[in-house]
Amino acid sequence: MDNPFFKYAGKKNFLVGDLSTLGGSFQPESLPHRESQIELMANTLSSVIRGTRPSNILLYGKTGSGKTSVATHVTKMLREATDDGVKVYYVNCQIYDSPYSIMVSLVNMLAPNQENEIPPLGWPQDRIYLELVRRINRMGKYVILILDEIDKLIKKNGGDSLYVLLKLLDDSAGSRTSIIGITNDTSFMDGLDARVRSRLNQESVLFPPYNASELRDILVYRLADIVKQGSVEEAAINLCAAIGAQEHGDARKAIDLMRISIEMAIRADNPAVTEDEVVKARGKFEMDVMREAVTTLPLQSKVLLLSAVITQELDNSQMVTGEIYENYKSICNELGFMPLSTRRISDILSELEDFGLLTAKTKSMGRYGRTRWIRVIGDYKSIKSHLLEDDHLSTFSGGGLMRQTRISSASDEKDEWGYMKATDIGDKLSDLANSTLAND
Ligand SMILES: Nc1ncnc2c1ncn2[C@@H]1O[C@H](COP(=O)(O)OP(=O)(O)O)[C@@H](O)[C@H]1O
Ligand SMILES: [Mg+2]
């Protein structure tokens, strides 16, 4: 029945369900266009029904390709089919990012009651490990450990961090434990020991990007119980699907855009959701994503990004690492932080690049070696204002910052410019003088 209050509230009555089901944590009943991935996984996991340990499975594909949802969906069906004879534990390695914290969280999930909880930093690793094995054995069930974003674990702790978890598979009684690893970046596999690698992906399941027509079906399916039929124009659905397809076939993006568009239409009291809302939603979405990325950075990354923003503000062209570092040190000085080493700064720059906040391009500078050329992506004024939301940075004034001296690089690369410290400039000038003499 239509909500009778809408006519009093003056609201156009097109919402018939719960819009929050378009939010990230909602698990839909079915997952169209993932039938073959579901079938493959079910096939592998079905061995528990025959009484043998399933192979480990690696799920890989870009973000928003349905990996986490499919893993949750399939293991839920397996639990149903076995009357909870299989225990499934989900760990996001972005949050639990060391073998130690993963084991603590597992031990606590396996705790029959709160009294057995282990304090987060209470026990040494080997004791946690033994306790984990003991609890798994005592339970006597098949255990499936879903390690989502497993690449984060390896990137942070190195390949060895998998040994301890793979050892767990062997040490638990009757080898009843399996791992489902999930990643959107398979490059972490390159650094792994060949044996670890082959154990981790005894089976692998590829999640290809959704195309626009698949995303369209997904949107129509996800909207079915939420809005009155016809209240979201086909053109609006198509546009969300097209944008999601363009962004590496990302269902999350398509669904998020649709949710924001609907919210906008409701707020404006529009009778339907049109392409206009989607276009506006996209702008808002980009801003929100950027704000979230910036405000959740660790403090030192914020200071470095602030330095990049200021450097770009002083001269709106490409910057080199050295120049950002000089300004970074000045900012640290002004705010009373210890500056990090150039090595760490180089790592943080790569992280900022991963977050899509910077682009970096490595270029040769002739005899001065190679240097990274950097630009802040997007609207650096808003990035700056988001950075200054941080209490630690809010007093920043930037009084001591100056444009660095700029000098041409190697003579054979006249169109490429770099910034150098005063001593380098001295070297460079005497160099040029020498070469002029030599040419004479
Ligand atoms: N085939 C599908 N049908 C319906 N919704 C989907 C489908 N694939 C993904 N989604 C939705 O898109 C979002 C992203 O999916 P998710 O499984 O988190 O992707 P990944 O883990 O690959 O990044 C989730 O909100 C999920 O519910
Ligand atoms: Mg995921």
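Which side chain has an N or O atom 2.7 Å from a nitrogen atom of ligand 1?

## Ligand 1

The side chain is that of Tyr210, one of whose N or O atoms lies 2.7 Å from a nitrogen atom of the ligand. The model is predicted, so local features need pLDDT of at least 70 and side-chain atom pairs count only at pLDDT 80 or more, while totals for chains, interfaces and linings use all residues. Residues are numbered from 1 along each chain as its sequence is written, chains are lettered from A and ligands numbered from 1 in the order in which they are written, and side-chain values use heavy atoms, with hydrogens and water left out.

Ligand 1 is surrounded by 18 residues, of which the closest are Pro32, Gly64, Lys67, Ser69 and Tyr210; a residue counts as near when one of its heavy atoms lies within 4 Å. Oxygen atoms of ligand 1 are approached by a backbone N or O atom of Gly66, at 3.1 Å, and by a polar side-chain atom of Arg252, at 2.7 Å.

## Helix α6

In helix α6, which spans residues 150-157, the buried residues are Ile150, Asp151, Leu153 and Ile154 (buried means under 20% relative accessible area, exposed over 50%, with a 1.4 Å probe and protein chains only). Seen down the helix axis, the buried residues of α6 fall within an arc of 155°, so they line one face of the helix; the arc is that of the directions from the axis to the C-beta atoms. The face turned away from this buried side carries the exposed residues Lys155 and Lys156.

The buried residues of α6 pack against β1, α4, β3, α7, β4 and α8, where contact means heavy atoms within 4.5 Å. Helices are DSSP runs of H or I with at least four residues, and strands are runs of E with at least two. After α6 comes Gly158, with a positive phi near 80°.

## Nonpolar cores

The largest nonpolar core has 35 residues, and those with the most contacts inside it are Leu147, Leu162 and Leu200; such a core is a set of buried Ala, Val, Leu, Ile, Met, Phe, Trp, Tyr and Cys residues joined through side-chain atoms within 4.5 Å. At least two residues of this core come from each of β2, α4, α5, β3, α6, α7 and α8. Apart from it lies another core, of 33 residues, including Met290, Leu306, Ile310 and Ile324.

Two bridges join β6 to β8, at least two being needed for DSSP strands to pair, and Met319 has Ile374 in β8 as its bridge partner.

Technical notes:
Polar contact = N/O pair within 3.5 Å; in protein donor to acceptor, adjacent residues only side chain to side chain.
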